[in-house]
Amino acid sequence: MSAFTEPEEGAQQGSQTSFDPSSSTVTVVDVMKVSVDHPAAGLKSFKVSGEMTSIECDILVVGGGTGGVAAALAAARAGYRVCITEETDWLGGQMTSQGVSALDENALVETTGATRAYLDLRQAIRRHYLSQYKANPACADHPYFNPGNCWVSRLAFEPAVAVRQIELTLAPYVQQRLISVHYRMKAAAARMTGDTIRSIIMVNLADGRLVEFEPRVCIDATELGDLLPLCGARYRYGSESRAITGEPHAPEVGDSQNVQDFVYPFAVEFRPGENHTIAKPPHYDAFRAAGKFSFNSYKMFERATGAGPQGQERELLPFWEYRRLIDKSNFVDPHFACDVAMINWDSNDLRGFNIIDERPATVCERLALAKALSLGFLYWLQTEAPRDEGGSGYPELKLRPDVMGTTDGLSKHPYIRESRRLAARHIIVEQDIVEATNPEVRARHFDDSVGIGHYPVDIHGRQDVPDTAQATRPFQIPLGALISLEVANLLPAAKNIGTTHITNGAYRLHPIEWCIGESAGALAAFALTARASPSEVHASRRLLREFQLSLLAEGIPLYWYDDVPPGDAAFIAAQFLAVTGILPGSADHLHFSPDEPVPRGQAAAALARLCQMPPA
């Protein structure tokens, strides 16, 4: 889809008027203070006036989630001074503070399906468990050791372990004063000069202190795209109409309130013979009467059978193992005497309660309702869930607040699946990535690719058109989806890139968000070095190719091959030849076959394409 040129149905745009701190009070939501019994405890109002601390930096990364961490790392690697702010007290976002530490990934993630930095982080998490605890010898030597042995992910772990490994990853740059981390900070306002961000005013949620960050480039890595309205960048959320996107599975009429479900994951351990039933939480009876709580044909610890997407019978693996974080059989260590599972299921997804562009009081109420739903599901598991052997309830399930680092046992921040989406230069649509419209082994090719990903269109919420959730081909991340039409020095680095409601369902997962963030941070640094705007980098063929080569040098794949991982001697050449179209991969498979000679005809075609390319 081409760039938006006029405001369209569903598009939102924040005010571009200058900010007057002498007369403005801002009310924000402190997500860590919202409680089931006291939603309004999360409301905080601040008079944005008087003296405030000013901090200059080359690059400001607002949001310390998965994409934000990757963005800061990439920019610091290039030698630029980076400030990263985070509203909670943990870095890592969906893999830590949002509790989803059973990673949602692709089948090739262990080798070629992610960036080198992401793969390094995964290996550091594994090494932590193997070095700090006594592993079962039968498991310890497995090259892809999975502490949780869950069936949804190739790597599951306790969130705090990832927090520590992220801190260690950033530590060399913190020591060099290239990265400074500012916790408990939330954006309150932006000062603009024309189409350029001059500064972002942020409030410290812990003490009310105001800080004005003055960056050269600003990266929005927040969970809900918080900077887009503050800076006047157009955006959308919810579902768009078919008339806007042209997508076969878009509805006839869009609905901005049809935003994907959000959820508060929690962790429990199974302690046979004990009773850890919690008090019945608010709204439990209403949720139960609405049929919200269910195993959906699964059993707790045993395998079951159920109907597949086309009604065929299929095997259902145990509910308990779905997102298990610790499998005690992996260890011979008293620290892990019990299994620990993270609960993130349809039954605790809050549906139909959007929190984007709503009044802060309404957001707090809806966050509290989501917390009540998760605690309600736990109560149902403890008291009413059908036991495998007959009877009801598993009171043996013990809530583990320490795993999530909170007092109520729920994640510090809700797991966000959909945010504001930038009205970018290029909008990725369904036809670009799904199997139905991409008959070859890869999705549509983007020669401005800055990364890769692969995940189905995963919609948690109302599907306006049947079968919207569907399989995809291995796809790319086009640079055009990161380029704002209104703000010259703003880059998205999370779920806020130029996707639709449908394609967001495939681009929102852990390794893809990491890649988006890493490429955004690298672009910010590259643009500063080139003395060009991100838009100018995208528009210049020479700068674009130089930027892509710099990404490849950092181990960021731009094209889908399954046999040339980052670090392979052929990686940069194979990737660059393919992404530029000089020597594209086969339409039938993902192999590059680096040890095989290039057939004469293929080499001749590549030479011809090279000769036909215009000069830089």
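Mentor: What follows goes from the core to one helix pair that bears on it. Keep in mind that the model is predicted.

Start with the largest nonpolar core, which has 105 residues. Ile59, Val61, Tyr129, Ile433, Tyr507 and Phe547 touch the most other members. Helix H12, residues 510–530, supplies the largest share of this core, 12 residues. A second core is separate and holds 73 residues. Cys83, Val211, Ile356 and Ala424 are among its members.

Now take Ile59. Beyond its neighbours within four places in sequence, Ile59 contacts Ala524, Ala525 and Leu528, among others. Its contacts also include Ala75 and the run Tyr80, Arg81, Val82 and Cys83. Pro215, Val217 and Ile219 are in contact with Ile59 too.

Next, the helix pair. H1 spans residues 66–77 and packs on H12 at an angle of about 35°. The two axes lie 7 Å apart. The crossing is right-handed. On the H1 side, the contact includes Val69, Ala70, Leu73 and Ala74. H12 brings Trp514, Gly517, Gly521 and Ala522, among others. Ala75 of H1 and Ala525 of H12 belong to this contact, and both also touch Ile59. By type, the contact residues are nine nonpolar, five polar and three charged.

In general, nonpolar side chains tend to be buried together in soluble globular proteins.

Definitions and conventions:
Residues are numbered from 1 along each chain as its sequence is written. This is a predicted model: local features need pLDDT of at least 70, side-chain atom pairs count only at pLDDT 80 or more; totals for chains, interfaces and linings use all residues. Side-chain values use heavy atoms; hydrogens and water are left out. A nonpolar core is a set of buried Ala, Val, Leu, Ile, Met, Phe, Trp, Tyr and Cys residues joined through side-chain atoms within 4.5 Å. Buried means under 20% relative accessible area, exposed over 50%, partly exposed in between (1.4 Å probe, protein chains only). Helices (H or I, at least four residues) and strands (E, at least two) are DSSP runs, numbered from the N terminus. Contact means heavy atoms within 4.5 Å. Axes are lines fitted to C-alpha atoms, for helices over the stretch in contact, and angles run from 0 to 180 degrees between N-to-C directions. A crossing is left-handed if the near helix is turned anticlockwise from the far one by less than a right angle, and right-handed if clockwise. Ala, Val, Leu, Ile, Met, Phe, Trp, Tyr, Cys and Pro count as nonpolar, Asp, Glu, Lys and Arg as charged, and the others, Gly among them, as polar.
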